[in-house]
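Here is a short briefing for a first look. Keep the sequence and the 3D view open while reading.

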Amino acid sequence: MTPDLRNARYGAVLTFVLAGLMVGTMTVRIPALTDKLALSESTVGAVLLAWGLGALVTMQSMRRVMAGAGSRAVLRVGGPLTALGLIAVAFAPDLPSLLAAVVFFGMAFGTVDVAMNAQGSTVEQAYGRPLMNGMHAGWCVGAISAGVLGSLSIAAGLSFTANVALVGVLSLPVMVLLGRTYLPEAATAERATAGRRRMPPIVYLLGTIMFFAFMVEGTVADWNGLYMRDELGAPEALAALGYPVFETGMLVARLIGDRLRVRFGVRGMLTVSGVATAGFFAVVLVAPAAMVAVFAMFFVGLGVATISPLTLSLAGTATDAPGPAIAQAGAMGYAGLLLGPVVIGFLSDATSLRTALGIGVVLGVLIALAARLLPRAERATVSPLPTREREPAEAAA
């Protein structure tokens with residue numbers, strides 16, 4: 001293994017960590033942002049929607065960009081711009097400025113989200129073994145770190161502006177330095193034309209599976225606390241534990257997910273993940289007490305955690321142009337993250353929150369059924385590095 005390849009792996013993981021840290025920092029300090037600008041709950045929802053739509057717009061347009069530029073070039077630009085966007089959010093003095101800042105932040109993050117997964121696929125293929133789950137574990141580490149730093153900042157009396165700006169300022173030079181570690185994708189004729197033509201059907205199937213998984217994640221993030229408090233009568237402090245427990249389950253699953261993939265394959269893992277997600281989400285809904293539901297959220301996180309890394313990894317090997325394929329699947333998946341909470345809101349108004357959250361069970365079943373449509377054999381993940389990046393013994397082999 002060459003130093004360049006090892007550095008590329010560390011660089012990709014750290015990119016996931018910083019992305020999770022920056023997005024998580026804005027999210028955990030939303031109450032402070034509400035106080036700073038005197039925002040109503042509906043206005044906060046509009047701000048978050050503006051951020052999500054900004055990310056979705058760039059994700060939808062990334063196929064041609066990735067085909068032409070590759071993930072290394074995109075990350076070298078998008079990473080620092082994301083940090084600058086977070087700084088702009090921190091210093092926004094009023095609502096119009098905040099909306100402009102969150103749209104910019106979302107658009108910059110959209111490029112990073114697609115490109116870091118494409119870079120992860122490039123590194124994974126260069127290694128010749130599964131690594132994507134471990135990289136997505138980096139996102140969980142960043143998100144959990146954002147929660148811890150946010151809590152410490154609140155305890156220390158730091159304002160929204162100080163906390164968020166500090167994270168952005170520290171992330172900016174790190175993102176610039178990480179740009180030196182990324183690997184280039186091999187230039188192929190397929191990559192040159194991939195941004196202009198349809199992807200193989202398996203890419204759209206993988207995007208659909210990720211759409212279902214992200215709907216589950218978005219539903220848990222936005223509605224779990226309210227369900228615990230209003231439907232199960234949990235105190236505010238206990239209700240707030242559901243999402244961190246869910247994220248912890250995701251982290252554990254992603255740390256061991258690559259080893260499980262080697263043993264069971266993507267098709268088998270996705271099937272089991274879908275069944276586990278449906279089953280444990282059902283436990284949350286029928287739980288007699290809040291503590292039981294919080295405990296079950298850990299296993300929901302275990303179930304759903306590996307779905308997006310597995311689908312993105314498989315999309316990266318579906319063609320000889322991993323960037324555009326991952327951009328297509330990722331854009332489809334991210335739409336589920338935006339749509340899920342909205343659907344739950346409409347359904348809860350028409351029925352009840354408990355009934356509406358039953359969609360999580362349905363989504364788990366759909367994931368398991370869709371996984372059975374995947375081919376039994378995976379395409380090889382080995383993609384040799386350019387000769388200049390391999391050691392002599394590897395080149396001879």
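Asp230 is partly exposed at 46% relative accessibility; the class runs between buried, under 20% relative accessible area, and exposed, over 50% (1.4 Å probe, protein chains only). This is a predicted model, where local features need pLDDT of at least 70, side-chain atom pairs count only at pLDDT 80 or more, and totals for chains, interfaces and linings use all residues. Residues are numbered from 1 along each chain as its sequence is written, and side-chain values use heavy atoms, with hydrogens and water left out.

**Salt bridges**

- The whole structure holds two salt bridges, each a side-chain nitrogen of Lys or Arg within 4 Å of a carboxyl oxygen of Asp or Glu.
- Side chains of opposite charge can pair when their charged atoms come close.
- Asp230 pairs with Arg229 at 2.9 Å, N to O.
- Arg229 is partly exposed, at 36% relative accessible area.
- Glu124 and Arg261 form a salt bridge at 3.6 Å, N to O.
- Glu124 sits in helix α6 and Arg261 in helix α12, so this pair ties together parts 137 residues apart in sequence.
- Arg261 is buried, with a relative accessible area of 4%.

**Around Glu124**

- Helix α6 spans residues 95-127 and contains Glu124; helices (H or I, at least four residues) are DSSP runs, numbered from the N terminus.
- Glu124 has a relative accessible area of 0%, which means that this residue counts as buried.
- Its side chain makes a polar contact of 2.5 Å with the side chain of Ser313.
- A polar contact is a pair of N or O atoms within 3.5 Å; within protein, one must be able to donate a hydrogen and the other to accept it, and residues adjacent in sequence count only if both atoms are side-chain atoms.
- The Glu124 side chain also reaches the backbone nitrogen of Met132, at 3.1 Å.

**Around Ser273**

- Ser273 belongs to helix α12 (residues 242-286).
- Ser273 is buried, at 7% relative accessible area.
- Its side chain reaches the backbone oxygen of Gly303 at 3.3 Å.
- Leaving aside residues up to four places away in sequence, Ser273 touches Gly303, Thr306 and Ile307; contact means heavy atoms within 4.5 Å.

- An α-helix has 3.6 residues a turn, so residues three or four places apart point the same way.
- In helix α2 (residues 30-37), the buried residues are Ile30, Leu33 and Leu37.
- They fall within an arc of 50° seen down the axis of α2, so they line one face of the helix; the arc is that of the directions from the helix axis to the C-beta atoms.
- Pro31 and Asp35 are exposed on the face of α2 turned away from the buried side.
- Just after α2, Ala38 has a positive phi of about 55°.
- Helix α4 (residues 62-69) buries Met62, Arg63, Met66 and Ala67.
- The buried residues of α4 fall within an arc of 135° down its axis, so they line one face.
- Arg64 and Gly68 are exposed on the other side of α4.

**A nonpolar surface patch**

- Which residues form the nonpolar patch on the surface? They are Val77, Leu81, Leu84 and Phe104, with about 320 Å² of accessible area together.
- Accessible areas come from the Shrake-Rupley method with a 1.4 Å probe; for residues, only the protein chains shown count as cover.
- Patches are made of residues with over 30% relative accessible area and no salt bridge: like charges are joined within 9 Å, nonpolar side chains (Val, Leu, Ile, Met, Phe, Trp, Tyr) within 5 Å.
- Helix α5 (residues 71-91) gives the largest share of the patch, three residues.
- Leu84 lies in helix α5 and is partly exposed at 39% relative accessibility.

Note on methods:
Helices (H or I, at least four residues) and strands (E, at least two) are DSSP runs, numbered from the N terminus.
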